Amino acid sequence: MTEYKDIINNICKNIHTGLIDFGVPRSKASMPTLASSELITNKQQGDWAEDVILRAINNNSTAIVAVKYGKSDDLVAGDTGFEKFFNEYQDELDTIGKRPDILLFKKCDFNEQLGYDISALTESEIHEYVSKAIAGIEVRSSAFLINKYTEEVNSVVCNNTDRALELKREIISDYADLLQQKRPELLTILQQLNKDSIRTIDFRKPSWHSSQRLKELSSKLSEIKECLKVVQKRNSLSITPKIEDIKVVYKWIMTYGVPHFYVQVFFDRIYGISFKHILELISDPDLEDIKYFIEQDSKNQNKTTIKIPSQDGICIAETITQPNHHSVRKELNKGRLLFYVKFDGGEAFLDKENFDSLFDCNL
């Protein structure tokens, strides 16, 4: 049977080096010098997302155990000891790669003496143990209610679709003669416009002014064009692996040979996708802007991010009860104060069938 490492290696050979060059060492990260309230709140949200998954698995599974593994610390830029923590973390990235946030073990392989949190242990202390894991999970979090987002986006798309089709009927009914004279190909395009083709159809809008009817026709075509932009815009929330993380996740897989997964936690649902499938997608340039998008993420320090529509992943929890949240004050050096939001509680209700399908296990 082909080993997981070999499968990943073979896929990576097909990824264009202009996107990710696995033959070139990773770029060293610069140490941050200043923390912000938003950064710490985002970290707290990520910690909550990890905790929700850990508790959901360990409170409901009789066959597997979830263990906290990824490097984490409450230190932030400006705290005493942060520089040492940051440099040790960078060294580990170059040595073994990026630890997933969570490891899954079969119950029979779980080490009770090490417990449910091995994040503070060194690689040498747990190397053999980590190799026994059946999956590594990188947790990403998103401050959205995906159900509400989807409902509102679908409403906007529906309204713009209806308006475009209404304008099409008006134009064909009242201005077909003008289109036949000026732009007959536009008449053909409009005749093909329907609820399915609206997601792909396009045309160059005219700007006519020489008569009142032409001005009216031009205005209606411009409005259709605006409707098309809304309907064709990427309207889904995403699973969001960062480009800079792909190399260090790959290195971790080469170190341990354990299957790797990304899980995106929204405040009402959880979606997952295998690292293998992410690589398969980005190895096919024809799928860019269809099945995945590559963007500079302004919410994540403008880091280049792969965005895969969540609905193309597997929903492993369709319900999450909302966490509690409260403000916390943190004092940094020189008396600088930061205020951030801390989350606790909330329960994720796992879909066993989907969970087992994604991780190829028995919850």
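Residues are classed by relative accessible area as buried (under 20%), exposed (over 50%) or partly exposed (in between), with a 1.4 Å probe and protein chains only. The structure is a predicted model, in which local features need pLDDT of at least 70 and side-chain atom pairs count only at pLDDT 80 or more, while totals for chains, interfaces and linings use all residues. Residues are numbered from 1 along each chain as its sequence is written, and side-chain values use heavy atoms, with hydrogens and water left out.

The protein has 363 residues, of which 45% are buried. Its C-alpha atoms fill a box of roughly 80 × 60 × 40 Å along the principal axes. The secondary structure consists of eleven helices and twelve strands, taken as DSSP runs numbered from the N terminus (helices, H or I, at least four residues; strands, E, at least two).

Aromatic contacts were examined next. A pair of aromatic rings is described by the distance of the centres and the angle of the planes. Rings of Phe, Tyr and Trp (its six-membered ring) were paired if their centres lie within 6.5 Å, and the planes were called stacked under 30 degrees apart, edge-to-face over 60 and tilted for the rest. A search of the whole structure gives 13 aromatic pairs. One of them, Phe110 with Tyr116, is tilted, with 5.0 Å between centres and 40° between planes. Phe110 is buried because its relative accessibility is 15%, whereas Tyr116, at 48%, is partly exposed. The rings of Phe144 and Tyr149 are edge-to-face because their planes lie at 85°, with the centres 5.5 Å apart. Both members of this pair are partly exposed, Phe144 with a relative accessible area of 29% and Tyr149 with 24%. Trp48, Phe267 and Phe343 form one aromatic cluster.

A charge was taken to sit over a ring if NZ of Lys or CZ of Arg is within 6 Å of the ring centre and within 35 degrees of the ring normal. Lys225 lies over the face of Phe203, 5.4 Å from the ring centre. Arg234 places its charged end over the ring of Phe293, at 5.2 Å from the centre.

A pocket is an open set of points on a 1 Å grid over the protein atoms alone, with protein on both sides within 12 Å along at least five of seven lines, and lining residues have an atom within 4 Å of a point. The second largest pocket holds about 530 Å³ of space, the volume being that filled by probe spheres set on the points, which are joined across faces, edges and corners. Its lining comprises 22 residues, with Arg199, Arg234, Asn235, Ser236 and Gln311 nearest the centre. Helix 5 (146-174) gives the largest share of this lining, six residues, and helix 8 (212-232) supplies at least two. By type, the lining residues are nine nonpolar, eight polar and five charged; Ala, Val, Leu, Ile, Met, Phe, Trp, Tyr, Cys and Pro count as nonpolar, Asp, Glu, Lys and Arg as charged, and the others, Gly among them, as polar.

The structure contains zero disulfides, defined as pairs of cysteine sulfur atoms within 2.5 Å. The closest cysteine sulfur to that of Cys227 is in Cys158, at 12 Å, and is therefore too far for a bond. For Cys315 the closest is in Cys361, at 16 Å, again too far. Cys227 is buried at 4% relative accessible area, as is Cys315 at 9%.

Terms used: On a 1 Å grid over the protein atoms alone, a cavity is a set of points where a 1.4 Å probe fits but cannot get out, and a pocket is an open set with protein on both sides within 12 Å along at least five of seven lines; lining residues have an atom within 4 Å of a point.
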